[in-house]
Amino acid sequence: ERLFPSSQKRSEGNRRAIRLQPRLADAHVSLGIALKACGDLDSAIATYAQGEGVNRSQAAPWLMHGQLTLSKNPNDPDLQAAAQADYNQAIAIQPGNVDGYLQMAALYRLQNLLDQSKGQIDTALGVAPGYSPAYVSRGEWWQAQSKFNEAIADYEKAAQLDGTNTSAYDQ
């Protein structure tokens, strides 16, 4: 059942773009996003996989594929391994794309590999020290360790860097 007509229209437009330029990875990513919004997770996952094959120099399809694969059942070790492989590939393709490190950090936190999680967040902050979502991620990490003063400091830093990042206020 398609719940969002505007997403359905976007997905139709992206399908046309893919037919016109099948080697355009961005169109695959956009189509995957629209399909996800429509509630069609399996088609979105397949579309991201197609995007991975279209342009092996772009990290976005790998990140989106990993996120959506993991969202099907975050506690499934096979899906965790598949997502980790996608995130590793995204990082290898674009080491400056901090979202790959943050996705890997979230996965490690889910697996209770807290030192590895913190290491990925620190790497993200080393690559992009002004990226507010990295401070939100580290704040969540501190909060999970019951280190609330450190968590608050990171949430405040995220809010200072990007007043539009409401996730810093939601914690």
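## Where H4 meets H6

Leu63, Gln67 and Leu70 of helix H4 are in contact with Asp99, Gly100, Gln103, Leu107 and Leu110 of helix H6. Contact means heavy atoms within 4.5 Å. Of the residues in this contact of H4 with H6, 4 are nonpolar, 3 polar and 1 charged. Here Ala, Val, Leu, Ile, Met, Phe, Trp, Tyr, Cys and Pro count as nonpolar; Asp, Glu, Lys and Arg count as charged; the others, Gly among them, count as polar.

This is a predicted model: local features need pLDDT of at least 70, side-chain atom pairs count only at pLDDT 80 or more, and totals for chains, interfaces and linings use all residues. Residues are numbered from 1 along each chain as its sequence is written, and side-chain values use heavy atoms, with hydrogens and water left out.

## How the two helices pack

Two packed helices are described by the angle between their axes and the distance between the axes. H4 covers residues 60-72 and H6 covers residues 98-110; they pack at an angle of about 20°, with their axes 10 Å apart. Axes are lines fitted to C-alpha atoms, for helices over the stretch in contact, and angles run from 0 to 180 degrees between N-to-C directions.

The crossing of H4 and H6 is left-handed. That is, the near helix is turned anticlockwise from the far one by less than a right angle; clockwise would be right-handed.

## The whole chain

The chain has 10 helices and 0 strands. Both are DSSP runs, numbered from the N terminus: helices are H or I with at least four residues, strands E with at least two. Of the 171 residues, 40% count as buried. Buried means under 20% relative accessible area, exposed over 50%, and partly exposed in between (1.4 Å probe, protein chains only). Among contacts with a separation of 6 or more, 47% join residues 24 or more positions apart.

The largest nonpolar core has 16 residues. Such a core is a set of buried Ala, Val, Leu, Ile, Met, Phe, Trp, Tyr and Cys residues joined through side-chain atoms within 4.5 Å. Leu102, Ile121, Ala124, Leu125 and Ala134 have the most contacts inside this largest core. H6, H7 (114-127), H8 (132-144) and H9 (148-161) each supply at least two of its residues. H8 gives the most, with 5 residues.

Leaving aside neighbours within four places in sequence, Leu102 is in contact with Ile121, Ala124, Tyr131, Pro133, Ala134 and Ser137. Another core, of 11 residues, lies apart from the largest one; among its members are Leu63, Met104, Leu107 and Tyr108.

Lys118 sits in helix H7. Lys118 is buried, with a relative accessible area of 17%. Not counting residues up to four places away in sequence, Lys118 touches Arg138, Trp141 and Trp142. Gln80 belongs to helix H5, residues 77-93. At 10% relative accessibility, Gln80 is buried too. With the residues up to four places away set aside, Gln80 touches Leu70, Pro74, Asn75, Leu107, Leu110 and Gln111.

Ala59 lies in the loop between helix H3 (41-54) and H4. Its relative accessibility is 0%, so Ala59 counts as buried. The C-alpha atoms of Ala59 and Gln94 are separated by 6.0 Å, though these residues are 35 residues apart along the chain. Ala59 touches Ala90, Ile93, Gln94 and Asn97, not counting residues up to four places away in sequence.
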